[in-house]
Amino acid sequence: MKIARLLNVVAVLALVGAAVTVYRIKYDATMHSEHVTKLKRQIAQEKDTIAVLKAEWSFLARPDRVQAFAERHLELKPLRQGQTITVASLPDRPAPVDEIGHKLEALGLMGADASLATDASGEAKKAAAAPAKKTTIAVKPTSQLRAPVNRPAPQKPATPKVGQPLNITDFLRQNPGLLR
């Protein structure tokens with residue numbers, strides 16, 4: 001009899017706990033539902049505001065209104081035939097200027113005269129001035145580019161000594177079965 005009474009008390013407590021849990025879940029669901037409704041209402045208000053702003057912009061940007069403001073506030077004249085030119089009559093683009101190179105040459109930092117020497121007092125002075133060499137770079141189309149004939153063969157990476165840490169590439173080369 002005591003066991004049955006104990007089981008009844010445990011069952012009642014379990015039912016009360018389940019009821020509290022269900023109530024809490026229902027309350028949370030209701031709160032989330034109200035929050036979603038509130039967000040939907042805010043989104044609708046923002047869409048309405050955007051529509052009003054677009055309408056105002058369309059009203060303010062009407063061509064006849066802009067034309068009236070342009071005539072009133074700008075001193076523009078209609079385009080004449082003599083004001084138009086063809087693309088062929090435009091001057092050629094000027095050659096690119098290497099401003100950094102010119103500044104380095106002016107400072108004496110280009111060519112053979114760029115070396116510095118120090119005298120006995122420790123001050124830096126320029127070595128004998130030699131004329132700076134001009135370097136010209138020729139650009140070829142990629143179809144005409146070829147690899148140099150006297151290119152050195154690539155060197156094999158040195159294997160580390162025993163006791164030195166391996167990098168991951170060397171480790172995987174020594175243990176090829178790990179990649180499978």
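This is a predicted model: local features need pLDDT of at least 70, side-chain atom pairs count only at pLDDT 80 or more; totals for chains, interfaces and linings use all residues.
Which ring does the charged end of Arg62 sit over? It is the ring of Phe59, and the distance to the ring centre is 4.4 Å.

**The overall layout**

The chain has four helices and two strands. Along the sequence they come in the order α-α-α-β-β-α. Of the 180 residues, 3% are buried. The chain exposes about 17900 Å². Carbon and sulfur atoms supply 63% of that area.

**Arg62 and its partners**

Arg62 takes part in a second contact. Its side chain meets that of Asp64 in a salt bridge, with 3.3 Å from N to O. That distance falls within 4 Å, so the pair counts as a salt bridge. Side chains of opposite charge can pair when their charged atoms come close. The structure holds one salt bridge.

How exposed are the two partners? Asp64 has a relative accessible area of 51% and is exposed, because the cut-off is over 50%. Arg62 has 28%, so it is partly exposed.

Val20 is found in helix α1, which covers residues 2-60. With a relative accessibility of 46%, Val20 counts as partly exposed. A patch residue needs over 30% relative accessible area, so Val20 passes that cut-off.

| Residue | Relative accessible area | Class |
|---|---|---|
| Val20 | 46% | partly exposed |
| Arg62 | 28% | partly exposed |
| Asp64 | 51% | exposed |

**In short**

Arg62 sits over the ring of Phe59 with its charged end, and its side chain also meets Asp64 in a salt bridge.

Conventions
Residues are numbered from 1 along each chain as its sequence is written. Side-chain values use heavy atoms; hydrogens and water are left out. Buried means under 20% relative accessible area, exposed over 50%, partly exposed in between (1.4 Å probe, protein chains only). Accessible areas come from the Shrake-Rupley method with a 1.4 Å probe; for residues, only the protein chains shown count as cover. A charge sits over a ring if NZ of Lys or CZ of Arg is within 6 Å of the ring centre and within 35 degrees of the ring normal.
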